[in-house]
Amino acid sequence: MGYANIDLARFICALLVIIIHTSPFENAYSVAQFYIEDVLARVAVPLFYAITGFLFFRKLTYKNGKIVRSRDNCKKLLRYCKKTAFLYLSWSFAYIVIILIPLWYRTGYWGVHLFKDCLAIILFKGTYYHLWYLLSLVYAIPLLYGLLCFFDFKKIGTIVIALWICECLTYSYSWVCTEQITLIIFISSRMPIIFDALFRAVPLLAIGAFISQYQPNWHFLHKCGTALFAFLIYAFEASILYFFSPNSGNYSYLFSSPLLTFTWLLLLISTTQRNVAPQSQTLYREMSLSIYCLHPMVIEILHLCGVPNGVPIWISVTLFSTGFAAGWSLWKRWLRRKLLRHSYVSASDKM
């Protein structure tokens, strides 16, 4: 079963991430900038996580609310981790060669110590500032898989709520009492990707995993109403932090983010678009990934070309990234068709 709305949502989320990284409205009215960039656009990454959890964990076999420890399930886990790790390492190599090595060379950061630091960055931080998301999936998917092998969803719920509270206390509410949680501080400072995987990715992935197995039998209007209500709560919490707290720019992961993510994903999978060509779904899916991985490189290149910050850089990055992603996906589709046609002709000649 295909989910056209999910593929379209991932594409929109990739465009929202561009807004976060280009800050097109930084010179506009500050409150308007806050609600566009720090409220609406910040929905993207939590929704990315939940969608990934839904799409992966729905493929597995369960018994009594736990993942069956079978060879088939293990194969699916290994296949996903290999694919994600390959994607992460491929893009890491591109960013290291095209952006980081020239930067290190210009700043004199060169020598044997560079390779040791580079290896640590690749394994425990994320090569470039957006690639942490892919690396966190490499760690978080096996973590949640292991938890679901031993605990059912009811017990997992208690665990992920505790993890999410720790995440909020070290991110959006870091000004409250974070300095007293020494173990969390140690993990987040020494191995940030492990922290992100455990305290951030696992709870959000668990939302998608739960929905893949247990979908509330709500009426469509009920789902729309709860999705709208969840967004209003999320916007209200972000507003309280913005106007009345020392928090500065950390609005992606709030106490209300899981509720928002849950209701929006539930609405997405319950409103399947009909008469949507499979090619369009595949195109949206491939483009969203390419846009997410490519756009920081486009930002750096356009900055070198003198494109000013604000709306010009946002529009330019969006157009270039979307155009390249569409061209790359269509070229891959054409190449696959050509290879299939060639293999068909070769097989016919042998008959």
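Q: How are H3 and H10 oriented to each other: parallel, antiparallel, perpendicular or oblique?
A: H3 and H10 are oblique to each other. Angles under 35 degrees count as roughly parallel, over 145 as roughly antiparallel, 65 to 115 as roughly perpendicular, and the rest as oblique. This is a predicted model; local features need pLDDT of at least 70, side-chain atom pairs 80 or more, while totals for chains, interfaces and linings use all residues. Residues are numbered from 1 along each chain as its sequence is written, and side-chain values use heavy atoms, without hydrogens and water.

Q: What angle do the axes of H3 and H10 cross at?
A: Roughly 50 degrees, for H3 (residues 44-57) and H10 (residues 192-213). Their axes come within 7 Å. Axes are lines fitted to C-alpha atoms over the stretch in contact, with angles from 0 to 180 degrees between N-to-C directions. Helices are DSSP runs (H or I, at least four residues), numbered from the N terminus.

Q: Switching to rings. How many aromatic pairs are there in the whole structure?
A: A search finds 33. Rings of Phe, Tyr and Trp (its six-membered ring) pair if their centres lie within 6.5 Å; planes under 30 degrees apart are stacked, over 60 edge-to-face, the rest tilted.

Q: What about Phe 56 and Tyr 80?
A: Their ring centres are 5.1 Å apart and the planes sit at 45 degrees, so the pair is tilted. Phe 56 is in helix H3 and Tyr 80 in helix H4 (residues 71-107), 24 residues apart.

Q: Are Phe 56 and Tyr 80 buried or exposed?
A: Both Phe 56 and Tyr 80 are buried. Buried means under 20% relative accessible area, exposed over 50%, partly exposed in between (1.4 Å probe, protein chains only).

Methods:
Helices (H or I, at least four residues) and strands (E, at least two) are DSSP runs, numbered from the N terminus.
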